[in-house]
Amino acid sequence: TRPVPVDGGTDGNAASADGGEVSRGAGSAEDDDEAFSLESDGDEPVAAATASGAAELEAAVAAQDAIEETALFAIGGSESPCVATLGTSIASVLTVLTRGQALPSASRDALYDYLAVAMEVVVRIRPLPPPGAFSTLVAAHVVLVARCGSRAFLSDGQLEAEVDPEALGARASLRAMLSHCRTSQLRLAFNALSEGLATHHRGACLACLETALAAATGGRAIAVAAAAGRIAPALLAAARESATGAQLGAGDRMAVSVARATVTALSALASKRSVVLGVSEVSAILSAPCFVYAVQGSPSVDELALALRDDSRRAEGVAALFDAAAGALRAALRFRRAETRRQAALVREAFASLLRVLDVLAAAALRSVEEDTASGPAAWRVVTSCANSLRGAYAEVETRKDTFSKYAPHMLSDLLDVLVGPSGSASLASSPSGNGPAGAAAALREGAFCLLSTCSTRELAQAHATYGSQTAAGAALQGLRTEWQRTHKYTGKV
């Protein structure tokens, strides 16, 4: 995403997209055509002249192909000097903003404002620029979004009012540009944004990547498939690096936003049916919950209780991150059936990771109630929201009985550990008549029903033999099975 040098050039020479020089004579055919025009849509030959025959048409097509290889914002002759000047100015402003030069605050704000207005103009010019210039336009949008920090991500739910208007404008401008670019240019944008996830502009590149994935619809999704080998590992690495700061969703606001955006982008990647993903890319999506919650020095129960009780923003962050992680798992199970067929063990580990987090959150909610009874409903609402998200993922497992029947008893065991505990002492095992655990426990019971439906008769007998009838888990399993047969199991009777 490094700005490509621009040479407006008065002698017909300009820097090419790969850093070389393209020599263009003053009377060449390329000089008679514009790289941009407000009328052309980029997919039709330029109007070099009134094409009255095959020779003229072939010449026009050849001129269009030559334009695609010309330099950044290179304009033939002097027919469009304003566009050439605009291209030079954009590159110059990017150079100043990205090199960290010391500038007065007012001057820096003015440069950002100029860049924002310039992007609104440039994305309306047709055809869109050649590769070198296109990369610079993508970099310009990243710089604009980076200015907004974490406010670039908060684009839904109760936090929508906090979204920075400048970030919304930059992302809308990027969406307009990517919605009309060629597939090769869209692939170029994906590659550049994936590489940017490893830089200090990780958050901005991630926000722009979300926009790019939304723009890749229909046949243009082939650009996603071509870049998936870079996108998925880069997103997984970003999730892992943001996990420590995110602190299960109750940590640094920017880290939480980045962690949530990474798993949301992975979910969007899995949801595109027309994109062919390899086993390694799907494995990255299934691993997202494990990586995003692989926290070194996790927050204590007391710290989480404080967040759930006294800080509504942090509590919403906890629920939003869990919902995004469960959503990535749900999308992989629903849309990547063939790829997940041989990854049942990884699916189980993803569920186990989410259950461990849910258990910690339930313990924090109980602690919150102990310290302040009035805060109980708010804390348990977060836990219930997380449990409902997990229930949706279990529902996807139920539709895959042929794949997960042998693993369902093990997944059910993991769920019972959270729902009941080894001796009935789990945080969610308190009386349903209480003020909080009832909703979360009910959601997990629905998930258990899905797993019971996935098990065959043999697997159910194995589960009962494992727990016996004298343990808390065995009694809970028998109660769940009885309720499942009465309310959930399909018997064919009306």
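In this predicted model, the buried residues of helix 10 are Glu-281, Val-282, Ala-284, Ile-285, Leu-286, Ser-287, Ala-288, Pro-289 and Val-292. The elements that cover these buried residues include helix 8 (222-246), helix 9 (253-271), helix 12 (312-335), helix 13 (337-340) and helix 14 (344-371). Helix 10 itself comprises 14 residues, 279-292, and spans 20 Å between its first and last C-alpha atoms, close to the 20 Å expected at 1.5 Å a residue. Helix 4 is mostly covered, with 13 of its 16 residues buried.

The largest nonpolar core contains 138 residues, of which Leu-115, Leu-178, Phe-190, Phe-351 and Leu-444 touch the most other members. At least three residues of this core come from each of domain 1 (57-153 + 163-217) and domain 2 (327-493). In soluble globular proteins, nonpolar side chains tend to be buried together. When neighbours within four places in sequence are left aside, Leu-178 is in contact with Phe-134, Leu-186, Ala-189, Ala-212, Ala-215 and Arg-220.

Cys-181 is placed in the loop between helix 5 (165-180) and helix 6 (183-196), and its relative accessible area is 5%, so this residue counts as buried. With sequence neighbours within four places again set aside, the contacts of Cys-181 are Leu-128, Phe-134, Leu-186 and Arg-220. Cys-181 and Arg-126 are separated by 55 residues in sequence, while their C-alpha atoms lie 9.5 Å apart in space. Ser-194 lies in helix 6 and is likewise classed as buried because its relative accessibility is 6%. Beyond residues up to four places away in sequence, Ser-194 touches Arg-230, Ile-231 and Ala-234.

Across the whole structure, 11 salt bridges are found. One of these joins the side chains of Asp-302 and Arg-367, with an N to O distance of 2.2 Å. Because Asp-302 lies in helix 11 (residues 301-310) and Arg-367 in helix 14, this pair ties together parts that are 65 residues apart in sequence. Asp-302 is partly exposed, with a relative accessible area of 42%, and Arg-367 is also partly exposed, at 30% relative accessibility.

Arg-367 forms a further salt bridge with Glu-370, in which the closest N and O atoms are 3.7 Å apart. Glu-370 and Arg-367 both belong to helix 14 and are 3 residues apart, about one turn of the helix. An α-helix has 3.6 residues a turn, so residues three or four places apart point the same way. Glu-370 is exposed, its relative accessible area being 64%. Elsewhere, salt bridges that share partners join Asp-109, Asp-113 and Arg-147 into one network.

A salt bridge is also formed between the side chains of Arg-356 and Glu-349, at 3.1 Å from N to O. Arg-356 is partly exposed, with a relative accessible area of 46%, and Glu-349 is partly exposed as well, at 36%.

Terms used: Residues numbered from 1 in each chain as written. Predicted model: local features only at pLDDT ≥ 70, side-chain atom pairs only at ≥ 80, totals over all residues. Heavy atoms only, no water. Buried < 20%, exposed > 50% of the residue type's maximum accessible area, 1.4 Å probe, protein only. Helix = DSSP H or I, 4+ residues; strand = E, 2+ residues; numbered from the N terminus. Expected span 1.5 Å × (residues − 1). Contact = heavy atoms within 4.5 Å. Core = buried A, V, L, I, M, F, W, Y, C linked by side-chain atoms within 4.5 Å. Domains from an automatic or database assignment. Salt bridge = Lys/Arg side-chain N within 4 Å of Asp/Glu carboxyl O.
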